[in-house]
Amino acid sequence: MITASLVLYNTKEEDLTKVLKCSQQSIIERVFVIDNSPTDKLRDIAKRLSDKVEYVYGQGNIGYGGAHNVGLQKAKDCNATYHIVLNPDIYFEPNTISSIEFFMAGHNDVGLVLPKVIYPNGDLQYLCKLLPSPLDIFGRRLLPERMIKHRNDRFEMRQMGYDKVWNCPILSGCFMFLRMSDVEKTGGFDERFFMYFEDFDMMRRLHKVCKTVYYPKVTIVHNHAAEHHTNKALLKASIQSAIKYFNKWGWVIDLERYRVNKKAFDEINHISDN
């Protein structure tokens, strides 16, 4: 069984319509729509668009990770084999889910898959990353692009060409195709991260117990606005979560970061040589 969860907060009806229509046409069997919005005005829209929807409201704004934990618990309760964490600004072809399921079924050591992700105009999104250092995160915000470009390209693993299947330390949380047995080993999202970096934190824990794989043989579209770049409140939330992340995993001294990132480069070099 494949389930999915979708977290809303004053989500645009256009985005909700697209992602639910994609889910309805796919082999996803149940979509848990957890609405953190102040009102439940999206309830009727969600229920009308897909008969697979279970709409959850009344928990208040419990954050992105906290709301997806609700979906993960529901997936566990119905004995789902796979669960997909979806952003509301994602859309995909109907056969995308079945293609990833086929890959996962043949690779039991893989606990998470992210497909190739593009913008609506077709441009590639560079969503494979190393375990971040403080300079990787804060340098992108504070330093001129010419000073940080080389390091940013390294952080986003651009040298790999984004055309290879490989075991990546950090993948975007916009679309997380998860094997539930591996998720249960990690405990799901850390709810201390209200918004931002909850995917980095969970991915890091998952990467310890299974492969977290970039799979460019299928493609999804992510209409990503990166609002935290222009919205001061969201920027503040992003910075606060980054501080929580480094407080948890280490600022300057993080031996695991060094080891995991070195292994990632070694694997990419091995793939390139072959």
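Trainee: Is Lys-262 buried, partly exposed or exposed in this predicted model?

Mentor: The general idea is to read the relative accessible area against two cut-offs: buried means under 20%, exposed means over 50%, and partly exposed lies in between. Lys-262 has a relative accessible area of 44%, so Lys-262 is partly exposed.

Trainee: With which residue does Lys-262 form a salt bridge?

Mentor: A salt bridge is read from the distance between a side-chain nitrogen of Lys or Arg and a carboxyl oxygen of Asp or Glu, which must be within 4 Å. Here the partner of Lys-262 is Asp-266, and their closest N and O atoms are 3.1 Å apart. Asp-266 is likewise partly exposed, because its relative accessible area is 40%.

Trainee: Where do Lys-262 and Asp-266 lie?

Mentor: Both residues belong to helix 10, where 4 residues, about one turn of the helix, separate them.

Trainee: Which parts of the chain does the salt bridge between Asp-254 and Arg-204 tie together?

Mentor: The closest N and O atoms of Asp-254 and Arg-204 are 2.8 Å apart. Asp-254 lies in the loop between helix 9 and helix 10, whereas Arg-204 lies in helix 8 (residues 198-209), so this pair ties together parts that are 50 residues apart in sequence. Both Asp-254 and Arg-204 are buried. The two also belong to a network of salt bridges that links Arg-204, Lys-208, Asp-254, Glu-256, Arg-257 and Arg-259.

Trainee: How many salt bridges does the structure hold?

Mentor: The structure holds 22 salt bridges. One of them joins Lys-164 to Asp-163, with the closest N and O atoms 3.0 Å apart. Asp-163 is exposed, because its relative accessible area is 55%.

Trainee: Which residues make the nonpolar surface patch?

Mentor: Ile-239, Ile-243, Trp-251, Val-252, Ile-253 and Leu-255 make a nonpolar surface patch of about 630 Å². Among them, Ile-243 lies in helix 9 (residues 232-249). Ile-243 counts as partly exposed because its relative accessibility is 34%.

Definitions and conventions
Residues numbered from 1 in each chain as written. Predicted model: local features only at pLDDT ≥ 70, side-chain atom pairs only at ≥ 80, totals over all residues. Heavy atoms only, no water. Patch = residues over 30% accessible without salt bridge, like charges linked within 9 Å, V, L, I, M, F, W, Y side chains within 5 Å. Areas by Shrake-Rupley, 256 points an atom, 1.4 Å probe, with all protein chains shown as cover. Helix = DSSP H or I, 4+ residues; strand = E, 2+ residues; numbered from the N terminus. Buried < 20%, exposed > 50% of the residue type's maximum accessible area, 1.4 Å probe, protein only.
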